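I start with the pocket.

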Amino acid sequence: MVGVVESVGEGVTKVKPGDRVACPPGTHCGFCENCKKGWYAHCLNGGPMGSGLGTGGTHAEYILIPYADENLVHIPASVTNEQALLATDIFATGYTAVKDCEPGPGKTIVIIGPGPVALAAVIASKLFNPDKIIIAGRTQARLDKALELGADYAINTRQEDMVARVMELTNGRGADGVVEAAGAQKTLEDGLRCLGVHGVLSMVGIPGGPLQVPFNEVFMRNLTIRFGLADLSMNEHILQLIEEGKIDLTPLITHHFPLEEIETAVDMFEHKKDGSIKIAIHP
């Protein structure tokens, strides 16, 4: 989210009233044991917005941000609110997932489940100059959007076998990294089967229940599986990437609504109406 600082509490020194700032989806204190290790998403004194841990929800005219010096990031003057809006949440998650896949030149990255995080992962993958970026999913419009954003190949899993197609595109070698952004049993299994030897699967899709991992396949091919939340330490870096023109997140915002029409916006997003991907809410 983005906003303008209205007032600051005692001890806040890094931001002042009138500053344009971005904030992550969860707050952290900066001084607990986990924060000192850089595990900001697991702060012992913070938590997700709206969780009741000292913060309310963000769909409001005013929001209280604890530990403001730790959580608020200045938006560069040349960056618009719309450009910065998705930086600290959707893109930070996709960027973290891609980094966990150990991307680089000559490598193949597969991204499964073309929702907003997966589409952000396509944008993030381009920063590492991989040989191929492959997007897979069931919604053709989202796959087409991924191609517009820089994916090299799109696999509609309603029409093609994803694993077979990935193996075809990699001459039987398999992918080097897979971003699993769907959180389902089949996409986890297929993602692992897309990988080559010593490949890495990064799972950011949140499962709705327990999943089973085919550990025999993981073990025999020396695969690595990584799970977890976004790295909240990258927000200034991400805004710098936007300022330098290296990434553009605005194509992910398809609709705008005033706060008074939030119920309409939520219904549109939940049911994927009118080609919606991400919706900006303006208080």
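Which element supplies the largest share of the lining of the second largest pocket? I find that α2 does, with 3 residues. I worked on a predicted model, where local features need pLDDT of at least 70, side-chain atom pairs count only at pLDDT 80 or more, and totals for chains, interfaces and linings use all residues. Residues are numbered from 1 along each chain as its sequence is written, and side-chain values use heavy atoms, without hydrogens and water.

Entry 1, pocket. I noted a volume of about 280 Å³ for the second largest pocket. A pocket here is an open set of points on a 1 Å grid over the protein atoms alone where a 1.4 Å probe fits, with protein on both sides within 12 Å along at least five of seven lines; lining residues have an atom within 4 Å of a point. Of the 14 lining residues, Asp69, Glu70, Leu72, Val73 and Glu236 are the closest to the centre. I see at least two lining residues each from α2 (68-71), β5 (73-74) and α10 (235-243); helices (H or I, at least four residues) and strands (E, at least two) are DSSP runs, numbered from the N terminus. By class, the lining has 5 nonpolar, 5 polar and 4 charged residues, with Gly counted as polar.

I looked up α7 (residues 162-169) and α8 (residues 185-194), which pack at an angle of about 20° with axes 9 Å apart. The two helices are therefore roughly parallel (angles under 35 degrees). Met162, Val163, Val166 and Met167 of α7 meet Asp190, Gly191, Arg193 and Cys194 of α8 (heavy atoms within 4.5 Å). This contact has 5 nonpolar, 1 polar and 2 charged residues.

Conventions. Points joined across faces, edges and corners; volume = space filled by probe spheres on them. Axes fitted to C-alpha atoms, helices over the stretch in contact; angles between N-to-C directions. Parallel < 35°, antiparallel > 145°, perpendicular 65-115°, else oblique.
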